[in-house]
Amino acid sequence: MTNDEDKLEKTIRAIRQYIEDFPRAADNLLGIANWWFEDDQFRPSIKLVEKALAHLINEGSIVDKKSVGGEVIYVKAPTPADGPREL
């Protein structure tokens, strides 16, 4: 695995962990990049966070929704037990 692939995997794992710890979390790309990473030694770039989110959307872990103002917000993908979720 290359260093870039390793960083992407680490970013994906961190976002997955965050949505497990905070299942009702909802944020835009910049918010996720700035606030969802606890390890101060690892701060992925916006581009890397964007790639990780695309991967997580593709696998069904996260969904992207447009807020009332038209901004894209990322949230944990609902499960049948969660019921509907409003932004």
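**Close-up views of a predicted model**

**View 1. Strand 2 and strand 3 pair in antiparallel fashion.** Strand 2 (residues 62-66) runs antiparallel to strand 3, and five bridges join the two. Strands count as paired if DSSP finds at least two bridges between them; strands (E, at least two residues) and helices (H or I, at least four) are DSSP runs numbered from the N terminus. This is a predicted model, in which local features need pLDDT of at least 70, side-chain atom pairs count only at pLDDT 80 or more, and totals for chains, interfaces and linings use all residues. Residues are numbered from 1 along each chain as its sequence is written, and side-chain values use heavy atoms, with hydrogens and water left out. Lys65 has Ile73 of strand 3 as its bridge partner.

**View 2. A hairpin is formed by strand 2 and strand 3.** Five residues lie between the two strands, and Gly70 in the turn has a positive phi of about 95°.

**View 3. Strand 1 is joined to strand 3.** Strand 1 (residues 26-27) and strand 3 (residues 72-76) run antiparallel, with two bridges between them. Tyr74 in strand 3 is the bridge partner of Asp27.

**View 4. Lys76 belongs to strand 3.** Its C-alpha atom is separated by 6.1 Å from that of Ser61, 15 residues apart along the chain.

**View 5. Confidence is given by element.** The protein averages a pLDDT (the predictor's confidence in each residue, from 0 to 100) of 89, and 89% of the residues score at least 70.
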